Amino acid sequence: MTSFDPSPQLNVWRALLALAVVFVMLATTGWTALRGQREVTPLQASVAAWEHGRVDGRRLPDPGAGPARLARFFASLTAAQRTDLARRYPLAVGNMNGAPATLRYRANRVALGAARRQERRRLHDSRLSPAGQREAAARMHRYEALLRPGRHVLAFDPAGSGRVAEVFGGLDRAERVSVVVPGSDTDLLTFQRAERVYSAPVGMAKALYRAERAALPSTRTAVIAWADYTAPSGLGVDAATATLAEDGAVRLDALVRALPGDTPVSLFCHSYGSVVCGLAARALPGRVTDVAVAGSPGMRVESVSRLPASARVWAMRDADDWIQDVPNLEWGGLGHGADPVSAAFGARVLSARGARGHSGYFVPGTESLANFARIGVGAYRSVDCADGNGSCLAGLSAVGTAGRA
């Protein structure tokens with residue numbers, strides 16, 4: 001489901017009509033999400049070069065090896081050797097789970113610089129249409145923004161609509177880590193917005209980071225704006241199915257397993273991002289203590305009990321969020337299942353007071369953001385439940401402990 005508020009609001013009949021249209025599209029055009037790019041992308045080229053590379057005569061390890069093995073490899077290198085690898089294979093190293101976070105930041109600065117130069121050349125290419133030149137300018141400005149001092153880009157892929165992840169706070173020193181998983185219409189150009197700031201991943205993550213620091217200043221936190229999966233565009237076929245979410249779930253699981261240390265991790269999943277989190281929750285490691293969803297169309301399961309992960313599951317929905325009008329069903333691969341805020345689903349339902357519409361959950365001053373921040377720092381007893389009587393805290397064990405209890 002889209003991360004931004006459409007106009008006019010969806011209703012049940014429009015949603016059902018959209019599902020009917022989906023059937024026609026599937027029958028006539030096939031699955032849009034399965035159409036892969038045939039030409040080699042810059043990231044693929046960088047990985048291929050890594051596979052044939054060496055450092056001081058030694059072959060480089062398989063880039064697809066587990067994070068632990070890759071972490072040991074990088075730890076065995078000198079600082080100069082690590083810097084050299086980041087310079088020679090920037091996209092490979094910048095997206096490599098297991099590489100030190102600070103090295104990935106450095107590698108992605110190199111990759112962003114190269115991408116900016118590429119877009120600058122395209123901007124002045126007379127063969128491009130005016131629309132193509134405008135897109136080149138927009139991408140160039142996005143790269144320039146990401147290259148500003150103090151920005152820590154953990155992942156970057158310029159191919160297609162682009163993927164990116166950014167860290168706020170000190171990831172290596174954090175005592176708790178939060179990951180913001182956005183929904184549809186998220187790509188490189190919408191990663192950050194000048195208007196509707198808190199409907200974009202950067203705005204969401206920065207607001208959460210500030211709120212967490214205010215909620216418990218003594219706790220060192222880090223927040224990741226994670227747009228490192230291919231999200232659906234609009235309310236078409238991809239948004240009504242889990243095809244893109246399945247790939248996103250694999251990528252999210254890989255991210256979590258590669259995070260440094262063993263600090264607790266909380267996932268904050270908005271809209272279609274909650275589909276990604278629901279699928280990922282079936283295999284996430286135990287360090288993920290909490291999965292909180294907002295404006296969710298469903299998590300591809302009928303109840304919390306069907307999620308094998310040990311994390312607590314929280315849910316919220318604002319009273320005027322149009323997502324409530326989307327049918328909670330799953331049939332023939334369409335739809336995303338039960339409503340996470342329903343009693344039958346079994347999540348801990350939080351107050352979203354102050355949030356407005358589908359994209360207002362991370363706006364400062366809202367109870368929704370305050371609740372997210374309290375979960376992020378482990379201050380569970382301070383959260384406000386949707387019913388106002390504390391039912392979402394029932395059976396909750398001491399602050400900081402894992403598990404659903």
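**Reading disulfides, cores and buried loop residues**

Tutor: Cys385 and Cys392 are joined by a disulfide, with S to S 2.0 Å. Keep in mind that this is a predicted model.

Student: What is a disulfide, in general?

Tutor: A covalent bond between the sulfur atoms of two cysteines. A search of the whole structure here finds two. The other one joins Cys269 to Cys277, S to S 2.1 Å.

Student: Which pattern do the disulfides of the chain follow?

Tutor: Count the bonded cysteines along the chain, and the pattern is 1-2, 3-4.

Student: Why is the disulfide of Cys269 and Cys277 called left-handed?

Tutor: Look at the torsion about the S-S bond. For Cys269 and Cys277 the torsion is about -90°, so this disulfide is left-handed. The link of Cys385 and Cys392 has -80° about its S-S bond and is left-handed too.

Student: Are Cys385 and Cys392 buried or exposed?

Tutor: Compare each value with the cut-off: buried means under 20% relative accessible area. Cys385 has 6%, so Cys385 is buried. Cys392, at 3%, counts as buried. Cys269 and Cys277 are buried as well.

Student: Now the cores. What do nonpolar side chains tend to do in soluble globular proteins?

Tutor: They tend to be buried together. The largest nonpolar core here has 49 residues. Leu171, Val179, Ile224, Leu252 and Leu267 touch the most other members. Helix H10 (residues 243-258) gives the largest share of this core, six residues. A second, separate core of 45 residues includes Leu91, Phe156, Val223 and Leu369.

Student: Which residues is Leu252 in contact with, leaving aside neighbours within four places in sequence?

Tutor: Val179, Val181, Trp226, Leu267, Val276, Cys277 and Ala280.

Student: Where is Asp228 found?

Tutor: In the loop between strand S6 (221-227) and helix H9 (237-240). Its relative accessible area is 9%, so Asp228 is buried. Not counting residues up to four places away in sequence, Asp228 touches Ala155, Arg163, Val164, Ala165 and Arg251.

Student: And where is Asn95 found?

Tutor: In the loop between helix H5 (90-94) and helix H6 (101-123). At 18% relative accessible area, Asn95 is buried. Leaving aside neighbours within four places in sequence, its contacts are Leu43, Arg104, Asn108, Ala155 and Phe156. A polar atom of the Asn95 side chain lies 2.8 Å from the backbone oxygen of Phe156.

Student: How many residues apart in sequence are Asn95 and Leu154?

Tutor: They are 59 residues apart in sequence, and 7.1 Å apart in space, C-alpha to C-alpha.

Conventions: Residues numbered from 1 in each chain as written. Predicted model: local features only at pLDDT ≥ 70, side-chain atom pairs only at ≥ 80, totals over all residues. Heavy atoms only, no water. Core = buried A, V, L, I, M, F, W, Y, C linked by side-chain atoms within 4.5 Å. Buried < 20%, exposed > 50% of the residue type's maximum accessible area, 1.4 Å probe, protein only. Helix = DSSP H or I, 4+ residues; strand = E, 2+ residues; numbered from the N terminus. Contact = heavy atoms within 4.5 Å. Polar contact = N/O pair within 3.5 Å; in protein donor to acceptor, adjacent residues only side chain to side chain. Disulfide = S-S within 2.5 Å.
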